[in-house]
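Here are some friendly notes to read with the model open beside you. Take the points one at a time, and find each element on screen before moving on.

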Amino acid sequence: MAAAAGPGGKRARDIFSTLEFGPVPESHACALAWLNSHGQALGHFVDGDWLTPEGRETHSCRDPGTGEFLATSLQGEEKDVTVAVEAAQEAFKTWSRLPGTRRAQHLTNFAKTIQKHQRLLWTLESLVSGRAVHGVRDGDLPLAVRLLHYHASWAQIQEEELADWEPVGVVAILLPGSFSLTEMMWRVCPALAVGCSVVVLSAGSACLSPLFLAQLGGEAGLPPGVLNVVTGPSTLGPLLAAQPGVSKVSYAGDTEEGRSLRRALAGVGPELALSLGADTVLLVTDLADLDSAAEGALEAVWSDGSAGGARLLVQESVWEETLRRVRSRMDRLRVGRGLDGAVDMGSLGSAARDKADAFVRRAQGQGAQIFQAGDFPQEGPFYPPTLITDLPAASPCAHSEVPRPLVLALPFRTTKEALALANGTPRGSSSSIWSEKLGLALELAYGLRVGTVWVNAHALRDPAAPCGGCKESGPACHGGSDGLYEYLRPSGLTPRNHGAVTDLNYDTFGLAPAPTFPEGPLVTPSPAVPYGLFLGGKFQPPGGRSSRLVRAPDGAVYAHVPEGGAKDVRVAVETAHKAAPGWAAQSPGSRMAALWALASALSRRSAALAETLTRAAGRSPEEAKAEVELSLKQLRVWGARAQAGTLGGHVQAASLKGSVLRLREPLGVLGVVCPDEQPLLSFVSLLAPALAHGNSLVMVPAGGCPLPALELCQDMATTLPAGVVNVITGDRDHLTRCLALHQDVPALWYFGSAEGSQFVEWASAGNLKATWVSGGQVRAWDQLPPGAIEELGRRAARTKSVWLPAGDS
């Protein structure tokens, strides 16, 4: 008897012969029931309860795949975020004082409550985000639970392991409408674990999952006000971030919005952690398993595991075969509604679809070939998996951020060319390397300027493994102990003041140095300090051929030093970039030897330095002698730390078979503007950790008394490679402006006025350089608490994770 035809007219034997997947719809009745229990109208979740202020506009939350109406959410206003921050401030007073064991219990209960309601949570997340339900169910939810358990363990031992640090206070987390649930949990978990309270601003239809999560936190016993969720437009973000009670702001989303937020918060007070962009790089060598590499492209872009696209770099000898296998894999991809358990990729949403289509049109206009495949609905906000090839390397699209679900393929000949292509964009989020030769893979991993590298795998995540970025992807780090320090500050230091310097004119600040006129008589120091800027290992005259006065405490002219300018800063940065690779490649022992040699030279010069501090800086003989001795100690301590390996990384066991290398890499060329107080000690205290971590430096010494730094430069000329340290004297504001606006300076430390701090933060938005500013706060460099000393080391390097999975991955 013939087999009966099933749905679609196919017989059972036909289905078995082709092994085609049929629809596997996931019921979303439980999510609809929860929404109906709130009358399909949700408010904010603040202070442990639902908050529904009157007179607010609403946003219709819809299923992005079908357009089905789900519920309305409030469009919050400034009053709403003020109420949420005030509730978080009040909760912080008790939450931060709870013993770590109690906070650990709360987080563990939170994890258990999520597990009790996980079906509702994964269904709701897939429903509102459009992402494939199997990815949320099998990936996001288990990871969220592991994140809570991992950070509960840190809360348990916080008093012992983090004794010199304290929670920053109220944390504002700004999430765009395209975020995933795990992006929120990567930030909420460490903040809660160390004792911070949190206010989350969620935009768009995706706000329903954070609201439900906050309700689960209340059900789990989190004290009211510890976790608050406010819904509203993205324009509410700067208003929340600028609230006087907010101490830390974490933003994940679009690069240009991150720039705008950086400028808006300049000088306001809270530190800003940015995680920007989402595109990634896959680097396929001729020694790769090409089928695994094709699956890597699937995991990177076409499986809802990432919010961005990918650049696929393939060695020329395997170019055609790799693309053939990628296209073959694309043909079998399934695109559809996220709640269908058989689809690989869900709905993008109309905005993301339009962005992908616009990129494809631009690439075609620049000569690219487009290949699109996969089974996808012709109607609705869906977009086919797309492979872009033959795009000229010099075209604008080749260097632009690639949106999801696009893969831009580019060929390379040698590994050196591959690194140049991978590092040739301003972004540095993540990358994967595909090679069966581990030595080659590690060489490439060390050379990539990104935050996370996977070897023969992609998109692996573990709570104990740091994941961050560099360059314009932002310096924020999540996971591991590095993620905890994002929400901690050293104990014993005065927190930065809130409130912007509202009358600062960015166009004129530091635009030109104040003119200096001859005055006399000159009290010449003995011995005379060499005249010149210290560039490339020697003293050179300034480009502007002018000088500035250094006055003794009684007002008499003590000496003249060069007046550095924009041209000198350009030369210093170029010199530092030339010296950076060689210094970063030095072994820890070599860097220790250089620092100790500098310490020995400083010791021989101690009497002259003490005299300079007494005569030019007004220090008493005892204070001057103590400052020199402490400077000597700093050089020896940081040299010893470099040799002892305490600055480096370690091997971290992961939840899968294999290991994760946690590497500490130099920032590159680091600009440092030193404070006026304790001119020698502050200069050395900032110099030593930066050198110990392998950075090259462009330094502006104390404006009031730069002479001790210039005296030390005489010894750096013989103890350090040329160009590793460059010292420019001159007008502090003018040199700060030149460094802050320089696009080839990836990091800048500023210890000076509140106005200067504000300008540095505003100007850093240009290339999104990592900044560390004092906000006008004065530090006692001879009395730094242990946490502040550790902070110097943490600021002087960035963390990279290299995943080395074992077995057949």
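1. In which helix does R329 lie? Look for helix α13, made of residues 319-331: R329 lies there. Keep in mind as you look that this is a predicted model.

2. Is R329 buried or exposed? Its relative accessible area is 14%, and because buried means under 20%, R329 counts as buried. Setting aside neighbours within four places in sequence, R329 touches E295 and L298.

3. Now move along to some helix packing. Two packed helices are described by the angle between their axes and the distance between those axes. Start with helix α19 (residues 588-604) and α21: their axes are 7 Å apart, at an angle of about 165°. Angles over 145 degrees count as roughly antiparallel, and α19 is therefore roughly antiparallel to α21. The crossing of α19 over α21 is left-handed.

4. Which residues make this contact? From α19 come P588, G589, M592, L595, W596, L598, A599, S600, L602 and S603. Facing them in α21 are V628, S631, L632, L635, R636, W638, G639, A640, A642 and Q643. Sorted by class, the contact of α19 with α21 has 13 nonpolar, 6 polar and 1 charged residues.

5. Helix α21 (residues 621-644) also meets helix α20 (residues 606-617), and here the axes come within 8 Å and cross at roughly 130°. That angle makes α20 and α21 oblique to each other. This time the crossing is right-handed.

6. On the α20 side of that contact you will find S606, L609, A610, L613 and T614, and these meet P621, A624, K625, E627 and V628 in α21. By class, the contact of α20 with α21 has 6 nonpolar, 2 polar and 2 charged residues.

7. Finally, a sheet. Strands of a sheet pair through backbone hydrogen bonds, either parallel or antiparallel. Here an open sheet of 3 strands runs in the order β1-β5-β4, and its pairing is mixed. At the edges stand β1 (41-42) and β4 (58-62), each with a single partner strand, so one side of each has no neighbour in the sheet.

8. How do β1 and strand β5 pair, in the parallel or the antiparallel sense? Strand β5 (residues 69-74) and β1 pair in the parallel sense, over 2 bridges.

Conventions: Residues are numbered from 1 along each chain as its sequence is written. This is a predicted model: local features need pLDDT of at least 70, side-chain atom pairs count only at pLDDT 80 or more; totals for chains, interfaces and linings use all residues. Side-chain values use heavy atoms; hydrogens and water are left out. Axes are lines fitted to C-alpha atoms, for helices over the stretch in contact, and angles run from 0 to 180 degrees between N-to-C directions. Helices (H or I, at least four residues) and strands (E, at least two) are DSSP runs, numbered from the N terminus. Angles under 35 degrees count as roughly parallel, over 145 as roughly antiparallel, 65 to 115 as roughly perpendicular and the rest as oblique. A crossing is left-handed if the near helix is turned anticlockwise from the far one by less than a right angle, and right-handed if clockwise. Contact means heavy atoms within 4.5 Å. Ala, Val, Leu, Ile, Met, Phe, Trp, Tyr, Cys and Pro count as nonpolar, Asp, Glu, Lys and Arg as charged, and the others, Gly among them, as polar. Two strands pair if DSSP finds at least two bridges between them. Buried means under 20% relative accessible area, exposed over 50%, partly exposed in between (1.4 Å probe, protein chains only).
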